[in-house]
Amino acid sequence: MYHGIINVYKEAGYTSHDVVAKLRGICRQKKIGHTGTLDPDAVGVLPVCLGNGTRLCDMLTDGQKEYIATLRLGIMTDTQDSSGKVLEEREVLVPPSEVRDAILSFQGESMQIPPMYSALKVNGKKLYELAREGKEVERAARPITIYEMEILEEAHPEYVMKVKCSKGTYIRTLCHDIGEKLGCGGVMTKLIRSRVGEFGIETALTLSQLQHLSDQGMLSQAVIPVEKMFLAYPAFTVKESAFKAIQNGNQLKKNDFKEEAAQILDGQEIRVYSHQNIFFGVYRYEKKRELFSPVKMFFV
């Protein structure tokens, strides 16, 4: 069984669940999970976790994301993107300078109302299922952060934007809201997810590339080890006498480590390895009790 993360390039036409299903066949294992959905028409980075790497899914989902999105002004659809039913078309009377100002004004923290065509659930039913039934329900606005907005191309009334944002941000809705602010409406016509945390599009592999690696017996080359997600944390190795403690996910004392741990600060997290140099997980130091407690354990 593979354990770790694969940086998958999701192609158009596939859902995130399709990618997971395909990878189960390529990897010949069931324990696989993705780190945040991408619409079928969208392409780009989709980190997929394998084996004990699935314990990283929540952490990767929470990471900062980067998108390249194309906004077309003057059109409104029921899905907020070009795949939906056109509800209205308006003449775009605002000049490009006003469009630029409107786009950049969305930087920072704000509240965003999720679209009806989304996988969020209301009373146990997905919003897109209700939308397909012709129903619209009230949705609570959620806090999002746009860390950076950059206009890459202008072909008025079409604009290509780079967006760095927090989890839970709907780029379709961002395009819609920009159009609303300008009074002419707007839809997203193209979306590329170019980065999720440290995973960039330049190293992402398509399903066909991964299948080829698998056929050559070289798939392990595409699997990024779990411990690489924590290289910023200091590494500590337990003595053989403390091996059972980490096997059972128990707390550790400073003298359980081979290395000197005197400089570890309260609340600091560390990588913990067995005496055989096998990565077991992440521990956090609690100064008051002088103990290290497990945060996430990965060894199977």
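This is a predicted model: local features need pLDDT of at least 70, side-chain atom pairs count only at pLDDT 80 or more; totals for chains, interfaces and linings use all residues.
**Reading a core and its helix**

Q: Which residues have the most contacts inside the largest nonpolar core?
A: Nonpolar side chains tend to be buried together in soluble globular proteins. Here the largest nonpolar core has 27 residues, and Met161 and Ile178 have the most contacts inside it. A core like this joins buried Ala, Val, Leu, Ile, Met, Phe, Trp, Tyr and Cys through side-chain atoms within 4.5 Å; buried means under 20% relative accessible area (1.4 Å probe, protein chains only). At least two core residues come from each of E4, H3, E10, E11, H5 and E12, and H5 gives the largest share, 5 residues. Those labels are DSSP runs numbered from the N terminus: helices (H or I, at least four residues) and strands (E, at least two).

Q: What does Met161 touch?
A: Look for contacts, meaning heavy atoms within 4.5 Å. Leaving aside residues up to four places away in sequence, Met161 touches several residues, among them Tyr67, Ile103, Met149, Cys175 and Ile178.

Q: Which residues of H5 are buried?
A: In H5, residues 171–182, they are Ile171, Arg172, Thr173, Leu174, Cys175, Ile178, Gly179 and Leu182. They pack against partners including strand E4 (65–73), helix H3 (96–104) and strand E12 (186–196).

Q: Where do H3 and H5 meet?
A: Glu98, Val99, Ala102 and Ile103 in H3 meet Ile178, Lys181 and Leu182 in H5. After H5 comes Gly183, with a positive phi near 80°.

Methods
Residues are numbered from 1 along each chain as its sequence is written. Side-chain values use heavy atoms; hydrogens and water are left out. The expected span of a helix is 1.5 Å times one less than its number of residues. Buried means under 20% relative accessible area, exposed over 50%, partly exposed in between (1.4 Å probe, protein chains only).
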